[in-house]
Amino acid sequence: MAEADGGRSSARGAARPALRWRASPVELALQASGRATTGQLPDAFCAEVGRRMLLAQLQFSEWVLRRVETIAFQDERSVVREMTIDLRVRDDAPVFVDDADVEYWLVPLTLMRRRTLVDFHIRTEDDEPLAMPGLRLAQQLDEAILLAAAATATRQPAAVDARDATVVTGFIRDLVAGRRDEVRQCWDRFEATSPSGEGPLEVLRGSTVFTATARKLRNGFTLYAFLPCQKGRRRLLRVSFVEPIRWVYQWPDLRRPTAQEPAWTYRANQRVPARYRWDRVAATLGWAATRIRFQVPAAERAASYHVEITAPPGVRIARATLLAGRPNEPEHRVTADHEENDTLTVGLHGVEIPYGSLCRAQVDLRVQSSGWLATMAIAGLAVCAVLAAAAWQVARQEQPVPEQGNNMVVLFLTTAAAAATLVAHRESSGVAARLVVGVRTVAAVCIALPVVAAGFVTYHELEPDEPTEPSAFLWLLSLTLAAGVLSLQLVVVWFLSRRAERAGRLRSPWDMTPDPPVHQGFGRSSVDSRRHESADRHLLDAIRLHGFHRPAIGIRSSEAYHERYDVTDSSHSSAVARLTKLRATSDTTPPYTCGNPTRCPHRDSGTCLVMTENGPWWNGRRRSRADA
């Protein structure tokens with residue numbers, strides 16, 4: 001049963017009729033799944049519900065007060081994202097009433113990518129599980145969102161017939177609920193249409209609201225939740241999931257508009273161009289920090305966003321940056337927060353990030369100078385010293401001393417065993433070991449040199465009473481030089497890590513406390529904050545300054561992000577205004593009943609809150625007026 005009665009104000013304060021459904025969320029989900037077992041794709045839910053859900057998504061910052069996201073490395077293969085969402089349920093949220101008269105608000109929490117979620121949990125402030133729709137019911141609601149977006153089209157085809165409804169609803173159903181190949185074919189067909197045509201898809205192609213909404217739901221879906229009404233509108237929810245890590249440097253492809261694509265586009269995790277491959281080599285050898293970049297699309301879906309990133313044991317965060325803004329409007333409302341503090345946990349903050357922004361955070365990770373790295377540098381120097389002493393001993397004697405070869409073999413093997421114990425000791429997690437894989441390789445080769453020298457002495461035994469062969473000295477000298485180069489590499493890595501830990505700090509722009517005294521050491525004495533403040537006013541300058549245009553180990557988010565950037569303040573306000581204008585001609589519409597809850601009677605009766613009294617252009621009847 002669907003009920004429509006007079007209601008109070010919405011989240012924006014305007015009078016809106018309340019929308020109540022006499023239907024259990026669980027039963028709706030089971031019914032939708034039952035119909036899918038027969039091979040029938042789910043039909044769209046009520047378009048008025050879709051309109052309210054789409055408005056809520058476009059206005060996240062008006063009813064979601066804060067999102068706090070924590071990112072921690074679970075192991076070397078995954079990170080755990082935990083998000084706390086502080087929200088107030090919108091006044092126009094649809095209400096579902098089950099058989100026990102328990103009321104639930106339908107709330108869209110965020111947009112997710114169409115992929116399998118790993119270790120996904122969502123709980124209330126009381127640590128109780130939350131009721132969520134099944135896959136098919138979520139698809140019905142997403143189809144309803146597209147129906148509402150289609151109703152905002154400002155023009156109609158030249159010839160309207162009853163088949164237009166079938167074309168539109170069929171396209172929406174295939175795009176949202178179809179298989180992967182069906183979704184691809186459906187979208188290719190839509191992209192190939194000309195906005196200047198007269199068919200129903202051509203008209204939808206010319207609607208900016210529908211095109212933008214369809215582009216989001218092509219690769220993503222809305223994460224809905226049913227919140228019990230008796231607990232009040234102010235809620236605190238907790239969401240967590242696991243993201244995989246691929247330890248491969250990737251390049252963020254942010255492209256300017258072209259003749260073929262008249263908007264800014266962004267593609268993550270692309271192949272690194274040849275001119276940027278030195279970044280990976282430098283990070284592998286320990287000469288530069290390992291940069292890890294996170295997508296944080298949730299930053300634009302709240303009035304205030306805070307992200308905390310925790311480094312694994314044995315690793316330090318040398319630098320962290322949060323950057324968000326619209327590439328198509330690089331000088332408009334850029335959000336930049338950065339911190340240099342050599343810490344285990346760093347917090348970054350952004351407020352009032354506009355809808356349609358590119359939101360990313362990145363951290364530079366370094367292995368701490370104390371501990372394994374310092375010990376290995378000392379061990380490398382010790383190996384070099386032992387080999388140099390052996391070469392000098394062989395060079396200064398004209399004839400070998402008895403038992404000299406055996407003593408050298410014992411010395412070499414003892415040195416190699418002692419150093420190998422230090423290298424093999426895993427005092428840190430798998431992430432720390434992954435970061436220093438290049439340094440560990442250098443250390444392992446350095447340790448192997450005494451073993452090579454022992455093998456040479458064993459198989460090229462120095463006989464007494466015979467002159468020393470020049471090849472013995474040259475061979476030991478070569479091993480000594482190799483050990484010197486490798487141990488120098490270890491010392492340089494230790495020095496760079498130590499220098500980064502003692503360098504001057506770049507403080508967050510949110511930090512208003514007095515400047516601390518500058519530490520005078522062998523690190524940088526100060527940081528020019530004015531350069532960062534001026535660059536952070538322009539998104540493209542901030543991208544170059546903070547290194548967001550360079551390769552990094554990219555970690556995608558399971559939340560959906562934008563791939564095309566053409567949203568402006570005016571276009572966003574226009575979309576909200578069009579959706580707000582789609583309302584009933586009367587707020588005193590009496591209740592209606594419906595046997596099939598997925599088929600709202602208002603849609604066909606002419607009193608639908610979305611379709612207006614004359615219905616949409618694609619249901620076989622012309623509008624009495626076009627909505628601007």
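1. The side chains of Asp 566 and Arg 564 form a salt bridge with an N to O distance of 2.3 Å, a salt bridge being a side-chain nitrogen of Lys or Arg within 4 Å of a carboxyl oxygen of Asp or Glu. Asp 566 is partly exposed at a relative accessible area of 39%, and Arg 564 is likewise partly exposed, at 21%; here buried means under 20% relative accessible area, exposed over 50%, and partly exposed in between, with a 1.4 Å probe and protein chains only.

2. A word on the basis of these values: this is a predicted model, in which local features need pLDDT of at least 70 and side-chain atom pairs count only at pLDDT 80 or more, while totals for chains, interfaces and linings use all residues. Residues are numbered from 1 along each chain as its sequence is written, and side-chain values use heavy atoms, with hydrogens and water left out.

3. Over the whole structure, a search finds 29 salt bridges. One of them joins the side chains of Arg 66 and Asp 86, at 3.4 Å from N to O. Arg 66 lies in strand E3 (residues 64–75) and Asp 86 in strand E4 (residues 78–88), so this pair ties together parts that are 20 residues apart in sequence; helices (H or I, at least four residues) and strands (E, at least two) are DSSP runs numbered from the N terminus. Asp 86 is buried, with a relative accessible area of 10%, whereas Arg 66 is partly exposed, at 35%.

4. Another salt bridge, of 3.3 Å from N to O, brings together the side chains of Lys 231 and Asp 126. This pair links distant parts of the chain, 105 residues apart, with Lys 231 in the loop between strand E8 (220–228) and strand E9 (234–244), and Asp 126 in the loop between strand E7 (118–123) and helix H4 (135–150). Lys 231 counts as partly exposed at 33% relative accessibility, as does Asp 126 at 46%.

5. Salt bridges also connect Glu 69, Arg 81, Arg 115 and Glu 243 in a network.

6. Turning to the strands, 6 of them form an open sheet of mixed pairing, in the order E7-E9-E4-E3-E13-E16, where two strands pair if DSSP finds at least two bridges between them. Its edge strands are E7 and strand E16 (345–351), each of which pairs on one side only. Within the sheet, E4 and E9 pair in the antiparallel sense over 11 bridges, and the bridge partner of Ser 78 in E9 is Pro 244.
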